[in-house]
Amino acid sequence: ISHVLLCNVTQRVSFWFVVTDPSKNHTLPAVEVQTAIRMNKNRINGAFFLNDQTLEFLKIPSTLAPPMDPSVPIWIIIFGVIFCIVIVAITLLILSGIRQRRRKNKEPSEVDDAEDKCENMNTIENGIPCDPLDMKGGHMNDAFMTEDERLTPL
Amino acid sequence: MAHAPEQDPATSDLGEERPKWDNKAQYFLSCIGFAVGLGNIWRFPYLCQTYGGGLSSVTLSLLISLYYNAIVAWVLWYLLNSFQHPLPWSSCPPDLNRTGFVEECQGSSAVSYFWYRQTLNITADINDSGSIQWWLLLCLAASWAVVYMCVIRGIETTGKVIYFTALFPYLVLTIFVIRGLTLPGATKGLIYLFTPNMHILQNPQVWLDAATQIFFSLSLAFGGHIAFASYNSPRNDCQKDAVVIALVNSMTSLYASIAVFSVLGFKATNDYGHCLDRNILSLINEFDFPEQSISRDDYLAVLMHLNATWPKRVAQLPLKFCRLEDFLDKSASGPGLAFILFTEAVLHMPGAPAWAVLFFGMLFTLGLSTMFGSMEAVITPMLDVGVLPRWVPKEALTGLVCLACFLFATCFTLQSGNYWLEIFDNVAASLNLLILAFLEVVGVAYVYGMKRFCDDIAWMTGRRPSPYWRLTWRVVSPLLLLTIFVAYITLLSQKPLSYRAWNPKYELFPTRQEKLYPGWVLAACALLSLLPLLWVPGVALAQLLTRQRRTWRDRDARLDTDTS
């Protein structure tokens, strides 16, 4: 404090100051003081419990803290997670579609065998026709018109 | 079961006089209202889709899917960036010396900088295409992958996903309404929203904008409604559905505006407070008052006092005139609202990343559910017409369409992509939708016949439509659509088409620079606006030619039989 002289004190907490060098008994040049303050702004802030918004040195622009830059941007991580989930879901859907179609292809061949058997039984039963159980695609009551019949082909 | 009387033109008696069209115009219009006796009534609008009118609708839906998913990709980018604290658009990046912020950011704002530079990396001119931004390309690929996943087996998959994508936005909206109403300054925003300004209401432009908004908001003439409705059972109360959909749509808009305006009111109050604070800081610095000696409420009184005692010193200060109404007026619509205003508002709410995730998640699901409609409108006609042979699975067709759309949409990831997107948004969608909707209404009401249509409705819903419906179908809707269309065209032709470019080197930066579209861009605009509609006369012409060829062939056959 002894080497810091105050002058031009105003009502607001603001003041001019010069720093003296005790050994050489002259004031230090402004440029040196400015560089010193710029290097140690953080410590000065801490000493006064202030920050860059509340403690300002005129003509000394405070250097800004560099932004936190993680090595891998966060958005890429989340993107990777979502994309992998989507790709897995698409693969599963396509595979289940293929499996469904294979099952459908197998069924008509089995039904054909059953129909052949029925017709064989027909001839065996001496012309009495088998009750034609409609084995294709579940139980459809032909009394009601189905969708396909209502639709006239394009 | 009552059916429409079946008139199959192909089986007319060769000996009889064939019925003729009164004029070619009837024939062309019939291509749109293609209901000439093809049986099943509930598939009539669908068949209407497969010829002429349908191809227009499909092309239109295709064009719209292209640019719409680009917007969804932007939303996805913001959503992915919301999972961090502090949010990346909260502060400007420092410049090279680290003594200040990047100049472009300093001149505008951190939020604008993040949108225009770090997201779009936009060029200053539409001619300057720039390079593809890889991060946007990744987001676009991801959003098309999500769309594909949901549309892969048609309504089988969308039907399940839609529970989430349709309901989640309502949940988030409710949360935002509650949060918004508890924010300081929200009431001012709401009062501003609900006070009618008589002076503005006298401007016909406002009514035109309102009409176009409600028209586009309901997504009519896209073919999406038709595609979805075609999966209903035939005896479906479509009248009730139509009323319910329209009501729900309007109610949602009102509900959303409550949330939006309370948040905007909060933001405006915040900005107004900051404006006052900046002025107060200038005063304090100039007159060496102690910190916090001037509060926001005292500001005006103190300013008057200082202006009286030290007018010269006050005059040289950079004091801005702060008015709350100016900040409330700074509302925007479209991308500006979401990516600039709302993102900034979210910054000031405690727990900002959570609100950002909720907001962009809601926008993402909203965009997705619209994309489903557009894609269904494109894929279902293709499947029904049988563009690809039967053995090609549905998944492959959907995949091809999605891949083609993705490849085409990569042009929106260029640096000038945003300018092109605005063009698509303004030109491809609006005019075509208006014309298509008009043709559909006229086609049903006049060409198909009001009586037949009322019979169909009676068969489907169990009661005939009331005079209100008949009046609106015959008179009100066509008239309104025609008025909107004419007004639109007049407004377009009044001044040369221009766009607003983001140019950091502009003198009035951050105001966007008004530039005229170059010639080749205008040609592309014209093509975009006409392309979907060209199918209507095109296919009609093709049909006309095939019929002519058939009549000639029949006539030749008759001559041969006569002579032989």
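Begin by selecting Thr123(B), which sits in the loop between α5 (110-119) and α6 (134-151) of chain B, helices being DSSP runs of H or I with at least four residues, numbered from the N terminus. This is a predicted model, in which local features need pLDDT of at least 70 and side-chain atom pairs count only at pLDDT 80 or more, while totals for chains, interfaces and linings use all residues. Residues are numbered from 1 along each chain as its sequence is written, chains are lettered from A in the order in which they are written, and side-chain values use heavy atoms, without hydrogens and water.

Thr123(B) is buried, at a relative accessible area of 8% (buried means under 20%, with a 1.4 Å probe and protein chains only). Next, show its surroundings: beyond the neighbours within four places in sequence, Thr123(B) is in contact with Asp128(B), Gln415(B), Ser416(B), Tyr419(B) and Trp502(B), where contact means heavy atoms within 4.5 Å. A polar atom of the Thr123(B) side chain lies 2.9 Å from the backbone oxygen of Asp128(B).

Now select helix α19 (residues 417-461) and helix α21 (residues 519-563) of chain B, which pack at an angle of about 35° with their axes 9 Å apart; axes are lines fitted to C-alpha atoms over the stretch in contact, and angles run from 0 to 180 degrees between N-to-C directions. Among the residues that meet here are Trp420(B), Phe424(B) and Asn432(B) from α19(B), and Trp520(B), Cys525(B) and Ser529(B) from α21(B).

Finally, turn to chain A, whose secondary structure comes to 4 helices and 3 strands (strands are DSSP runs of E with at least two residues), following the pattern β-β-β-α-α-α-α along the sequence.

How values were computed
Buried < 20%, exposed > 50% of the residue type's maximum accessible area, 1.4 Å probe, protein only. Polar contact = N/O pair within 3.5 Å; in protein donor to acceptor, adjacent residues only side chain to side chain.
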